[in-house]
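Here is a short report on one protein chain. Look over the structure first, then read on.

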Amino acid sequence: MTDQHIIYMDNAATTAVRKEVLDAMLPYFTEHYGNPSSIHSVGRDAKRAVEAARKQVAAALNAQPQEIYFTAGGSESDNWALRSATEMLAKKGKHIITSSIEHHAVLHTCEYLEKQHGYRITYLPVDEFGRVSPNDVRKAIAEDTVLISIMAANNEIGTLQPIAEIGKIAKEAGVLFHTDAVQAVGAIPLDVNALNVDLLSLSAHKFHGPKGVGALYVRKGVRMNNLIFGGAQERSLRAGTENLTSIVGLGKAIEIAVAELPEYAAKMTKLRDELIDGILAEIPDVRLNGHRTERLPGNVNVSVRYIEGESLLMRLDLLGIEGSSGSACTSGSLDPSHVLLAIGLPHEIAHGSLRLSLGINNTEDDVKRVLKELPGVVKNLRDMSPLTIPACTA
């Protein structure tokens, strides 16, 4: 690797914990370390911290504190939402509507419910930009539909979904609506009431909080089954001593993220567009994946023809540029992205994807350096690739 500073552009996979968040967490390791279930003063201090964080999360979503349940992260929240909602409504029916580009925490849970419990799953298609059609959602609703689960923003290509429209359709039909908002929280405004969302999943490490903690919003009146038995924590639905320090960090991180959202979105959108425009202008045979404007402020996802994505990542890594080829949860898989296949890309092009996800620490100079280095890396890899189409000669 070069002696230049590392340019981290994999914020969709995880983000660095902010100093303000770490500072808020530290006292709960060493001073206010009590068990929130204990009735003595140290325990009561810890309990107050948990409830303060619950209020912070609720305020960020325009929800009520009693509608927030702390979890171990986005995947747990997704699993709990889908499994509990379907179990509680099993007598009404066994039909779930989702999309073909959901995170695997949703897709694999749907597969489990289908294979083990006989649920019928409708996987809605998406258009070339990765958008679900609200009209397709409406047409898919049947008498036995118990849940609709559509993500707020795609983790790979960054496309924003028409959640408000889908939420309205679900409400009119009397069907529960869950959204995986793991990538959206802290990046776009989210109001569970305006969106008509009944269940919403989030994860702290996507917006500069600690790993291993998340939350599930559950609208008042929606019945939930126990996720874990054994104690009275989280209103007796998720037993186990609370992850106190991380919950404090989650609360602080989401409070900062929402307060700074307008400034963050403006900065990220500017850098994102400069990066997209530069890549498309400087490198031939590159395709932008996802919607050009209706996308997360910091998401850039392109497919580079005639090369393999993993080779591109390794070359960039040697230059101190950190990106990804898609979801971090499937980085060990040799299969092409299910998201890219769903938007119509053939296997050979889907294999050449590059995701650069910007964050608060990225600068204009970072974008310029990527645009300086990337064309040469692509050219070098194409020169060695048997897939490159040779230029015609006279």
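Contact here means heavy atoms within 4.5 Å. The model is predicted.

Begin with leucine 202. Leaving out residues up to four places away in sequence, leucine 202 touches Val57, Leu61, Gly73, Gly74, Ser77, Val182, Val185, Phe207, Gly214, Ala215, Leu250 and Ile254. Leu202 also belongs to the largest nonpolar core, which has 93 residues. Leu61, Leu202 and Leu312 have the most contacts inside that core. In soluble globular proteins, nonpolar side chains tend to be buried together.

| Helix | Residues | Number of residues | End-to-end C-alpha distance | Expected span |
|---|---|---|---|---|
| H14 | 364-384 | 21 residues | 31 Å | 30 Å |

Which residues of H3 are buried? They are Gly43, Ala46, Ala49, Val50, Ala53, Arg54, Val57, Ala58, Ala60 and Leu61. These buried residues pack against helices H2 (27-30), H8 (233-236) and H9 (244-259), and against strands S2 (68-71), S7 (199-203) and S8 (214-218). Asparagine 62 follows H3, and its phi is positive, near 60 degrees.

H14 has its own buried set: Asp366, Val367, Arg369, Val370, Glu373, Leu374, Val377, Val378, Leu381 and Arg382. An α-helix has 3.6 residues a turn, so residues three or four places apart point the same way.

Now turn to the strands. S3 (residues 95-99) and S4 (residues 120-124) run parallel, joined by five bridges. Isoleucine 97 has threonine 122 in S4 as its bridge partner. Together with helix H5 (residues 104-117), S3 and S4 make a right-handed β-α-β unit.

Serine 149 lies in strand S5 (residues 145-149). Is serine 149 buried or exposed? Serine 149 has a relative accessible area of 0%, so it counts as buried; the cut-off is under 20%. Beyond residues up to four places away in sequence, serine 149 touches Leu82, Ile97, Thr98, Ser99, Glu102, Val106 and His178. Take valine 106: it is 43 residues from serine 149 in sequence, yet 8.0 Å away in space, C-alpha to C-alpha. With histidine 178, the link is a polar contact of 2.8 Å between the two side chains.

Methods:
Residues are numbered from 1 along each chain as its sequence is written. This is a predicted model: local features need pLDDT of at least 70, side-chain atom pairs count only at pLDDT 80 or more; totals for chains, interfaces and linings use all residues. Side-chain values use heavy atoms; hydrogens and water are left out. Helices (H or I, at least four residues) and strands (E, at least two) are DSSP runs, numbered from the N terminus. The expected span of a helix is 1.5 Å times one less than its number of residues. Buried means under 20% relative accessible area, exposed over 50%, partly exposed in between (1.4 Å probe, protein chains only). Two strands pair if DSSP finds at least two bridges between them. A crossover is right-handed if, with the strands pointing away from the viewer, the path from the first strand over the helix to the second runs clockwise. A polar contact is a pair of N or O atoms within 3.5 Å; within protein, one must be able to donate a hydrogen and the other to accept it, and residues adjacent in sequence count only if both atoms are side-chain atoms. A nonpolar core is a set of buried Ala, Val, Leu, Ile, Met, Phe, Trp, Tyr and Cys residues joined through side-chain atoms within 4.5 Å.
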